[in-house]
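Thanks for coming, everyone. Let's take a short walk through one structure. Please have the viewer open.

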Amino acid sequence: MALHVPKAPGFSQMLKEGARSFQGLEEAVYRNISACKEFSETVRTAYGPNGMNKIIINHIDKLFVTNDAATVVKELEVEHPAAKIMILASQMQEEEVGDGTNFVIVLAGSLLENAQDLLRMGMTPADIISGYELAMEQTVQILDALVCATISDCREEELVTKAVKTAVMSKQYGNEDFLARLITKACISIMPEETTFNVDNVRVCKILGSSLLNSEAILGMVFKRQAEGEITKKNKAKIAIYTCPVDIGTTETKGTVLIKSAGELLKFSEGEEHKLEQEINAIKEAGVDVIVSGGKIGDMALHFINKAGIMAVRVNSKFDIRRLCKATGATPLPDITVPTKDELGYADSVYTDELGDTCVVVFKLEGQESKISTIVIRGSTDNYLDDIERSIDDGINTFKGIARNGRFVAGAGASEVEVAKRLRKYADSVSGLERYAVQKFANALEVLPKTIAENSGMKVKEVMDRIHQAHFKEDDSGINVGINIEGEREDVTLDASEVGLWDPVELKKWGVKFATSAVVTILRVDQIIMAKKAGGPAAKTPRGNDEED
């Protein structure tokens with residue numbers, strides 16, 4: 001008779017061998033909060049203008065040196081389910097606003113930390129969730145009341161540069177003035193009259209060498225490649241764009257040609273060449289100065305293109321072909337046919353240039369005709385260029401936010417401190433246990449300015465005391481006072497609204513909503529059930545053959 005060992009009583013006896021189950025406050029809720037706190041503290045040191053960089057090496061050994069939380073969470077393969085909920089919230093923030101991912105993670109981690117204190121005092125998760133949702137709704141209303149600046153016209157270059165500078169400063173502190181002007185110029189130059197602004201219409205071209213200050217914004221498109229033929233420059237160019245290869249035509253199905261003599265072979269090849277030459281000459285007669293191909297350009301076709309005095313450029317990406325059509329106003333042609341006037345695109349100049357040791361082809365347009373602009377950034381290393389590109393993306397998304405809703409609250413931690421102060425007043429009017437959760441929500445908001453001060457090497461308690469003194473004035477003159485990270489010991493505060501440190505109100509609103517939503521989801525979890533992983537044991541290494549040995 002086989003010896004049978006019964007499973008332990010409870011839920012685990014219903015699961016397969018190897019499955020795990022955690023339940024209750026100690027095993028599930030505190031475990032989730034602990035994991036989320038650790039993850040939040042990892043990215044917290046990267047928050048603010050003086051945030052530290054992280055070195056991330058992903059699963060394919062690619063190296064990232066960045067303080068961008070969106071990149072960190074994307075490249076880290078986090079397995080903990082509760083931490084994944086925070087990551088999903090930060091990704092939604094990235095999709096909705098384009099910035100503020102670190103804001104969401106730090107706030108969510110702080111809210112969970114404060115919730116843990118309430119749980120240990122004896123409050124239930126349901127009471128905490130109810131209080132947090134009340135506080136979130138009140139925070140959104142308070143943020144609307146704290147608007148300190150409004151940009152009604154997104155073509156006002158000076159005001160837009162101020163707003164973009166704050167977003168860029170968090171990742172490229174010290175270069176924010178130059179980059180903000182560059183981004184503003186690129187965005188305003190292609191801003192449509194009626195339709196909404198599309199962030200994909202501002203491209204970034206990264207070229208190694210030189211310094212960041214040699215970067216420039218070009219109205220049109222830049223490709224990192226050489227022209228295919230001998231012609232390297234055309235002014236006031238008419239452009240024909242083909243999505244197919246420019247070469248001798250091939251049949252759709254396979255065919256067989258019976259050739260009985262050398263003369264017939266010569267005639268056959270001459271016929272193909274003559275037909276191709278006629279096609280290129282017909283394209284030239286239609287007024288085409290530049291041919292852009294989405295496939296290869298054959299040697300024979302290139303010979304006739306050079307002979308006709310046409311410039312030839314090859315673009316491999318179908319997305320770049322689409323953008324080039326949008327920029328020049330051309331219609332993409334699927335076959336080598338003579339384009340009509342309506343199908344031709346136009347560029348003021350198409351030319352090849354050499355930046356550092358990189359050859360580029362530039363399609364340049366003047367005035368308001370182009371719908372695409374390109375920011376050419378220069379730098380010493382690939383990682384540095386990638387980091388600049390991320391800060392430019394934040395700036396472009398800020399411009400998009402201005403085009404949709406140009407309202408701003410004071411930055412530098414000022415709005416968080418003021419919201420926390422008003423939430424504490426609101427908590428006094430809340431009855432029941434929810435008031436404690438609202439007070440903890442206010443405490444969690446103050447972690448954000450504390451983190452900015454901490455990462456800047458300042459004395460956190462002293463800085464927060466000064467800011468609280470300013471915010472608790474009876475005349476409300478200090479509601480926009482924030483942290484001055486450049487100030488000396490006696491000058492640690494500044495009026496963020498006056499100096500132009502503005503944060504989009506939509507960024508703060510969505511950040512608070514997503515962080516609260518993630519925290520509520522995590523607090524509602526009272527049991528973690530992990531099924532046994534699929535797959536058997538690891539394959540054994542094959543043993544060598546004795547005879548061969």
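Start at helix H15, residues 460–471, which holds both Glu-462 and Arg-466. They sit four residues apart, about one turn of the helix. One thing before I go on: this is a predicted model.

Why does that spacing matter? An α-helix has 3.6 residues a turn, so residues three or four places apart point the same way. Now back to our pair. Glu-462 and Arg-466 form a salt bridge, with the closest N and O atoms 4.0 Å apart. Are they buried or exposed, or in between? Glu-462 is partly exposed, at a relative accessible area of 21%. Arg-466 is partly exposed too, at 26%. For the cut-off, buried means under 20%.

Salt bridges can also share partners. Asp-99, Lys-171 and Asp-394 are joined into one network that way.

How many salt bridges does the structure hold? The count is 23. As a reminder, side chains of opposite charge can pair when their charged atoms come close.

Here is another one. Asp-144 and Lys-509 meet through their side chains, at 2.6 Å from N to O. This pair links distant parts of the chain. Asp-144 is in helix H5, residues 125–145, and Lys-509 is in helix H17, residues 505–523. That puts them 365 residues apart. Asp-144 is partly exposed, at 32% relative accessibility. Lys-509 is buried, at 10%.

Next, Lys-508. Which residue is its salt-bridge partner? Glu-416, with the closest N and O atoms 2.6 Å apart. Again, distant parts of the chain are linked. Lys-508 belongs to H17, while Glu-416 belongs to helix H12, residues 414–427. They are 92 residues apart. Lys-508 is buried, with a relative accessible area of 5%. Glu-416 counts as buried as well, at 5%.

Now the sheet. Strands of a sheet pair through backbone hydrogen bonds, either parallel or antiparallel. Here, eight strands form an open sheet, and the pairing is mixed. The order is E5-E12-E6-E11-E10-E7-E8-E9. Which strands stand at the edges? Strand E5, residues 202–208, and strand E9, residues 311–314. Each has a single partner strand, so one side of each is left without a neighbour in the sheet. From one strand to the next, the twist averages 45°.

Look at one pair inside that order. Strand E7, residues 233–242, and strand E8, residues 290–293, pair in the parallel sense over four bridges. For Ile-239, the bridge partner in E8 is Val-290.

On to helix H3, residues 81–96. Its 16 residues, at 1.5 Å a residue, should span 22 Å. The end C-alpha atoms are 23 Å apart, which agrees. Several H3 residues are buried, among them Ala-82, Met-86, Ile-87 and Gln-93. Where do the buried residues lie around the axis of H3? They fall within an arc of 155°, so they line one face of the helix. On the other side of H3, Leu-88 and Glu-95 are exposed. Just after H3 comes Gly-98, with a positive phi of about 90°.

Last stop: Asn-114, in helix H4, residues 101–121. At 11% relative accessibility, Asn-114 counts as buried. What does Asn-114 touch, not counting residues up to four places away in sequence? Tyr-132, Lys-440, Asn-443 and Ala-444.

That's my tour. Questions, please.

Technical notes. Residues are numbered from 1 along each chain as its sequence is written. This is a predicted model: local features need pLDDT of at least 70, side-chain atom pairs count only at pLDDT 80 or more; totals for chains, interfaces and linings use all residues. Side-chain values use heavy atoms; hydrogens and water are left out. Two strands pair if DSSP finds at least two bridges between them. Helices (H or I, at least four residues) and strands (E, at least two) are DSSP runs, numbered from the N terminus. Axes are lines fitted to C-alpha atoms, for helices over the stretch in contact, and angles run from 0 to 180 degrees between N-to-C directions. Buried means under 20% relative accessible area, exposed over 50%, partly exposed in between (1.4 Å probe, protein chains only). Contact means heavy atoms within 4.5 Å. The expected span of a helix is 1.5 Å times one less than its number of residues. The arc is that of the directions from the helix axis to the C-beta atoms.
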